[in-house]
Amino acid sequence: MSYYFAIVGTQDNPLFEHEFGTSKQGGDGQPRFSEQARHMNQFIVHSSLDIVEEVQWGTAQMYLKCVDKFFNNYVSCFVTGGNVKFLLLHQPPGPASSSSASSSASAARSSTSIGANPTSPQTEEAVKNFMLEVYESWVKTIMSPFYRVNMEVRSPVFRQRVAAAGRKYL
């Protein structure tokens, strides 16, 4: 499973971006987006902002769950109190192409993994925990006296914490 995480500011400007892959079920943590899909990730995430804005005013929750689907890509969202949006694009792995016994065993194993069903309660819980941990790091980062509203986050410590949260939950 591949993930693209973006933080979008109050003026719909990108503040932070990070790509990573799953570390669960023997994953190596590397994203498996094709080169064409890698270029489309930003467009998919930003096109879901209209849906996010519709959904956010209909609920009092900060975590909005899976708000959009584009082909085989799912977008989950978390909205902070300051109207900054955390968007996670997750792409489930495609079906196995070979029919050997080892691939059927790996298919059975992947069907129980978090990424097998992006809308399952286990996946939603893992994404929610990821978003909450990133939110804690976000609050610590924006409390810096050197941070201005809607400024891009370039902190290597923040990037490491996002990557660690991804390894931990996704």
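These are my notebook entries on a predicted model, taken element by element.

**Entry 1: the sheet**

I began with the strands. Five of them form an open sheet in the order β2-β1-β5-β4-β3, and the pairing is antiparallel. At the edges I found β2 (14-21) and β3 (63-70), each of which pairs on one side only. From one strand to the next, the twist averages 20 degrees.

I then went through the pairs. β4 (residues 73-79) and β5 (residues 85-91) are antiparallel and share six bridges. Phe78 stands opposite Phe86 of β5.

**Entry 2: helices on the sheet**

Next I looked up what packs on the sheet. Helix α4 (residues 121-142) does, and it touches β1 (2-8), β2, β3, β4 and β5. The direction of α4 makes about 140 degrees with that of β5. Helix α5 (residues 156-169) also packs on the sheet, where it touches β1 and β2. I noted an angle of about 40 degrees between the directions of α5 and β2.

**Entry 3: strand β1**

How many residues of β1 are buried? I counted seven of its seven. Side chains in a regular strand alternate between the two faces of the sheet.

β1 and β2 run antiparallel and are joined by seven bridges. Phe5 has His18 as its bridge partner in β2. On the β5 side, β1 again pairs in the antiparallel sense, over seven bridges. There, Tyr3 has His90 as its bridge partner.

The β1-β2 hairpin has five residues between the strands. In this hairpin, I noted that Asp12 takes a positive phi near 60 degrees.

**Entry 4: the cores**

Nonpolar side chains tend to be buried together in soluble globular proteins. I looked for such groups here. The largest nonpolar core has 24 residues. Which of them touch the most other members? They are Phe5, Ile7, Phe86, Leu88, Phe130, Met131 and Trp138. At least two residues of this core come from each of β1, β2, β5, α4 and α5. α4 gives the most, with six residues.

**Entry 5: helix α2**

I turned to α2 (residues 49-56). Its buried residues are Leu49, Val52 and Gln56. Why do they fall on the same side of α2? They do so because they cover an arc of only 55 degrees around the axis. An α-helix has 3.6 residues a turn, so residues three or four places apart point the same way. The face turned away from the buried side carries Asp50 and Glu54, which are exposed.

**Entry 6: Ser120**

Last, I looked up Ser120. It sits in the loop between α3 (101-111) and α4. Is Ser120 buried or exposed? Its relative accessible area is 11%, so I logged Ser120 as buried, the cut-off being under 20%. The side chain of Ser120 makes a polar contact, at 2.9 Å, with the side chain of Thr123.

Notes: Residues numbered from 1 in each chain as written. Predicted model: local features only at pLDDT ≥ 70, side-chain atom pairs only at ≥ 80, totals over all residues. Heavy atoms only, no water. Buried < 20%, exposed > 50% of the residue type's maximum accessible area, 1.4 Å probe, protein only. Helix = DSSP H or I, 4+ residues; strand = E, 2+ residues; numbered from the N terminus. Arc of directions from axis to C-beta. Pairing = 2+ DSSP bridges. Axes fitted to C-alpha atoms, helices over the stretch in contact; angles between N-to-C directions. Contact = heavy atoms within 4.5 Å. Polar contact = N/O pair within 3.5 Å; in protein donor to acceptor, adjacent residues only side chain to side chain. Core = buried A, V, L, I, M, F, W, Y, C linked by side-chain atoms within 4.5 Å.
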